[in-house]
Amino acid sequence: LVEWFAANCTCPSTMIDRIVPATTDEDRASVAEALGGLTDEACVVTEPFSQWVIEDRFAGPRPRWEAVGAQLVSEVAPYEAAKLRMLNGAHSLLAYCGLKAGYEFVHEAIADPQLRHLAEQLMRREAAPTITPAPGQDLAAYADALIARFANPSLNHRLIQIAMDGSQKIPQRWLETLAANATQGHDCPAIRQALAAWIHHLQGHNGPVDDPRSADLTRAANSPEPMVALFGDGGPMAQAWGATIWHCFGR
């Protein structure tokens with residue numbers, strides 16, 4: 001069966017990019033009003049933007065997904081890297097730094113000039129240079145579009161939602177960018193500030209920490225040296241490329 005599968009089948013990689021806040025009771029009420037009183041318990045409210053990138057590697061005929069806006073490309077990895085390091089990386093920065101500044105929603109945080117500067121710095125100066133773009137992939141235009149998407153006042157995307165499960169998110173959103181920059185001798189001041197805000201969050205300043213590793217993370221964040229306790233040997237966030245992270249922090 002394995003030999004037949006290898007000869008006759010393909011598994012194209014895909015990537016989807018669309019901001020989807022958690023559905024609220026207000027969303028359900030608004031949808032019910034639009035449907036003439038019919039309640040949809042499974043409704044999902046999204047932003048207008050959507051992107052579907054598909055690796056053009058098929059074993060036979062396929063639907064014409066490009067006719068409805070999908071991008072068929074030779075390699076999905078550059079698009080995934082841009083989404084994780086630029087969009088998601090900036091989202092997490094805005095979440096922890098925005099909560100620390102007293103904001104509730106993404107559109108409020110990005111309206112703060114200092115936080116917008118940090119988000120732009122992360123995307124344009126720290127993350128984008130670590131990505132080798134695919135042909136026709138414009139990372140500068142992508143950053144411009146992200147700022148506009150974050151600023152959408154109709155999309156009530158709560159910062160506390162993005163702040164959930166940080167231990168599962170920040171390795172690919174921040175730490176890979178940190179490591180890539182460290183190998184070139186470059187600093188990442190925006191990510192370093194974001195990490196400080198994440199530690200502030202882990203210390204309980206924004207309420208209970210919603211993370212599958214909350215007990216270990218909270219204990220480490222409240223130690224005398226949080227960075228060492230989190231990322232050092234035996235820490236809950238110790239990674240294979242931890243040495244490059246220490247380089248960024250002068251250790």
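Modeller: Happy to. Helices here are DSSP runs of H or I with at least four residues, strands are runs of E with at least two, and both are numbered from the N terminus. One thing to keep in mind is that this is a predicted model.

Colleague: Thanks. How many helices and strands does the chain come to?

Modeller: The chain comes to 12 helices and 3 strands. Its C-alpha trace spans about 60 × 55 × 40 Å along the principal axes.

Colleague: And what percentage of the residues count as buried?

Modeller: Of the 251 residues in the chain, 43% count as buried. As for contacts between residues at least 6 apart in sequence, 68% of them join residues at least 24 apart.

Colleague: Which domains does UniProt annotate?

Modeller: The UniProt entry, which is unreviewed, has "domain: Mannitol dehydrogenase N-terminal" over residues 2-66. An unreviewed annotation also gives "domain: Mannitol dehydrogenase C-terminal" for residues 76-215.

Colleague: What does Ile 19 touch, leaving out residues up to four places away in sequence?

Modeller: Its contacts are Thr 46, Glu 47, His 91, Arg 149, Phe 150, Leu 155 and His 157.

Colleague: Now helix α3. What's going on at Leu 93?

Modeller: Leu 93 lies in α3 and is buried, with a relative accessible area of 0%. Beyond its neighbours within four places in sequence, Leu 93 is in contact with Gly 98, Leu 115, Leu 118, Ala 119, Leu 122, Trp 174, Ala 190 and Ala 194. For Leu 93 and Leu 118, which are 25 residues apart along the chain, the C-alpha separation is 8.0 Å.

Colleague: And Ser 92, is that buried or exposed?

Modeller: Ser 92 is in α3, residues 77-100, and counts as buried at 1% relative accessibility. Setting aside neighbours within four places, Ser 92 contacts Ile 162, Arg 173 and Trp 174.

Colleague: Switching topic: how do α9 and α10 cross?

Modeller: The axes of α9 (residues 189-205) and α10 (residues 214-221) come within 8 Å and cross at roughly 110 degrees. That makes α9 roughly perpendicular to α10. The crossing is left-handed.

Colleague: Which residues make that contact?

Modeller: From α9 there are Trp 198, Ile 199, Leu 202 and Gln 203, and from α10 Leu 217, Thr 218 and Ala 221. By class, the contact has 5 nonpolar, 2 polar and no charged residues.

Colleague: Last one: what is phi at Asp 165?

Modeller: Phi of Asp 165 is near 55 degrees, a positive value in a residue other than glycine. Most residues other than glycine have a negative phi. Asp 165 is in the loop between α7 (159-162) and α8 (166-183), and is partly exposed with a relative accessible area of 25%.

Definitions and conventions:
Residues numbered from 1 in each chain as written. Predicted model: local features only at pLDDT ≥ 70, side-chain atom pairs only at ≥ 80, totals over all residues. Heavy atoms only, no water. Axes fitted to C-alpha atoms, helices over the stretch in contact; angles between N-to-C directions. Parallel < 35°, antiparallel > 145°, perpendicular 65-115°, else oblique. Left-handed = near helix turned anticlockwise from the far one by under 90°. Contact = heavy atoms within 4.5 Å. Nonpolar A, V, L, I, M, F, W, Y, C, P; charged D, E, K, R; others polar. Buried < 20%, exposed > 50% of the residue type's maximum accessible area, 1.4 Å probe, protein only. UniProt positions renumbered as here; feature names shortened; annotations may be inferred.
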